[in-house]
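Colleague: Could you put the model up? I have a few questions about it.

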Amino acid sequence: MNPCYGANAPVPSRARRRGGPVGAARRAGLGVAETAAGAWRCGCGAVAVAVAVAWPAWRDGGVHALDTLGGVAIAQIYPSLLAADFARIADAALVVEGRADWLHVDVMDYHFVPNLAFSGDTVTALRSVTDIPLDCHLMIEDPDRWAPGFAERGAANVTIHAEAVDNLPATTAAIRAEGARTGLAVKPATPVEHYLDDLHRFDLLLLMTIDPGFGGQKFMDSVLPKIEAARRLLDERDLDLWLQIDGGVNAETIERAAAAGVDVFVAGTAVYGAADPAAAVEALRAQALRAAPRLRPPAREAAG
Ligand code: DX5
Ligand code: ZN
């Protein structure tokens, strides 16, 4: 286990539910980007440092990760394991430890999308080999039934698709009750405006920049105006959701996405297709930072 991710280590769900410092850090989504502020050159004191950083920001029943950073958004890179060698998933997680903010885990059911990938068992297995927070992207039908189980198994964020969910209030409440963050994903053709009254139920908004189902697709530039509009909407309404994109993120596309207002970038092929995945994470982050003055590096990097 890498003690840098200590604040996100598995804890019993009942303990997470009421928070406490470790649960609070996890629920607030504090991965490498925030909790490792003083623990980057870490030893086993990382948990204590992370708790000290995270505790003042915690508020029962609310997730306000940006509050912890004075309103500054962190440029976060989430490698997507869908692009990893499936025979070496654990290695793929470990190779980006200390570089990736979180890991993106795609869950597909052959119904919502014409592909099959990862499951709750994947979450359990990954939690036994790494403390990197897991971002589960559920491309499945009936997320109302299945999503809370991913949180129960230790996912730090569970994203459900707007096109698939039936009872948004109940499902998001069930995810949060297990101590995880909640994400709302929309396909490129699905307007965010339909969900304005529900955004407060979420901690992350995922705007798909491809049609979901497969990695290695071309980034859809047609989504850029939607990203800009979402950024304005979140800012104007003072909603501190993280704005994430997924699909076709690479060295050619990340800068215009960052400039449009994204702060969380999922990247599969661009990370695991690279000779050095950890270096690819840092290179992508550097590009995002150059393109968007509003973004800041993770605290460990800001501290040098
Ligand atoms: C596809 C998945 C993506 C995928 C992205 O539906 O949701 O997370 O892994 O892969 P790239 O980065 O290769 O487009
Ligand atoms: Zn995904």
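Modeller: What follows is a short tour of the fold, the sheet, some helices, the ligand shell and a few loops.

Modeller: This is a predicted model, in which local features need pLDDT of at least 70 and side-chain atom pairs count only at pLDDT 80 or more, while totals for chains, interfaces and linings use all residues. Residues are numbered from 1 along each chain as its sequence is written, and chains are lettered from A and ligands numbered from 1 in the order in which they are written.

Colleague: Fine. How many helices and strands are in the chain?

Modeller: The chain has 13 helices and 11 strands. Helices (H or I, at least four residues) and strands (E, at least two) are DSSP runs, numbered from the N terminus.

Colleague: And how much of the chain is buried?

Modeller: Of the 304 residues, 52% are buried. Buried is 20 or more other C-beta atoms within 10 Å of a residue's own, exposed is 12 or fewer, and partly exposed is in between, with C-beta atoms placed from the backbone.

Colleague: What order do the strands of the sheet come in?

Modeller: The open sheet has 9 strands in the order β2-β10-β9-β8-β7-β6-β5-β3-β4, with mixed pairing. Its edge strands are β2 and β4 (116-117), each pairing on one side only. Two strands pair if DSSP finds at least two bridges between them.

Colleague: What does β2 pair with, and in which sense?

Modeller: β2 pairs with β10 in the parallel sense, over 4 bridges. I77 is opposite F265 of β10.

Colleague: Which way do the residues of β2 point?

Modeller: Q76 and Y78 point one way, I77 and P79 the other, and all are buried. In a regular strand the side chains alternate between the two faces of the sheet.

Colleague: On to helices. What is the span of α9?

Modeller: Helix α9 (residues 224-236) has its end C-alpha atoms 18 Å apart, which agrees with the 18 Å that its 13 residues should span at 1.5 Å a residue. The expected span is 1.5 Å times one less than the number of residues.

Colleague: Which of its residues are buried?

Modeller: In α9 those are L224, K226, I227 and A230. Down the axis of α9 they fall within an arc of 155 degrees, so they line one face of the helix. The arc is that of the directions from the helix axis to the C-beta atoms. P225, R232 and E236, on the other side of α9, are exposed.

Colleague: What do the buried ones pack against?

Modeller: The buried residues of α9 pack against β8 (204-208), β9 (242-246) and α10 (254-260). Contact is C-beta atoms, placed from the backbone, within 7 Å.

Colleague: Which residues are buried in α12?

Modeller: The buried residues there are P277, A280, V281, L284, R285, Q287 and A288. Seen down the axis of α12, they fall within an arc of 160 degrees, so they line one face of that helix. Their cover includes β2, α5 (89-95), α10, β10, α11 (269-272) and β11 (295-296).

Colleague: Switching to the ligand. Which residues come nearest to ligand 1?

Modeller: S80, L82, G215, G268 and T269 come nearest, out of 22 residues around ligand 1. The elements that give two or more residues to this shell are β3 (103-109), β10 and α11. A residue is near if its C-beta atom, placed from the backbone, lies within 6 Å of the molecule.

Colleague: How do the shell residues divide by type?

Modeller: The shell around ligand 1 has 9 nonpolar, 11 polar and 2 charged residues. Ala, Val, Leu, Ile, Met, Phe, Trp, Tyr, Cys and Pro count as nonpolar, Asp, Glu, Lys and Arg as charged, and the others, Gly among them, as polar.

Colleague: Last topic, the loops. Where is D238, and what is its phi?

Modeller: D238 lies in the loop between α9 and β9. Its phi is near 55 degrees, a positive value in a residue other than glycine. Most residues other than glycine have a negative phi.

Colleague: Is D238 buried or exposed?

Modeller: D238 is exposed, with 7 other C-beta atoms within 10 Å.

Colleague: What about D142?

Modeller: Phi of D142 is also positive, near 55 degrees. D142 sits in the loop between β5 (134-139) and α7, and it is partly exposed, with 15 other C-beta atoms within 10 Å.

How values were computed
Contact = placed C-beta atoms within 7 Å.
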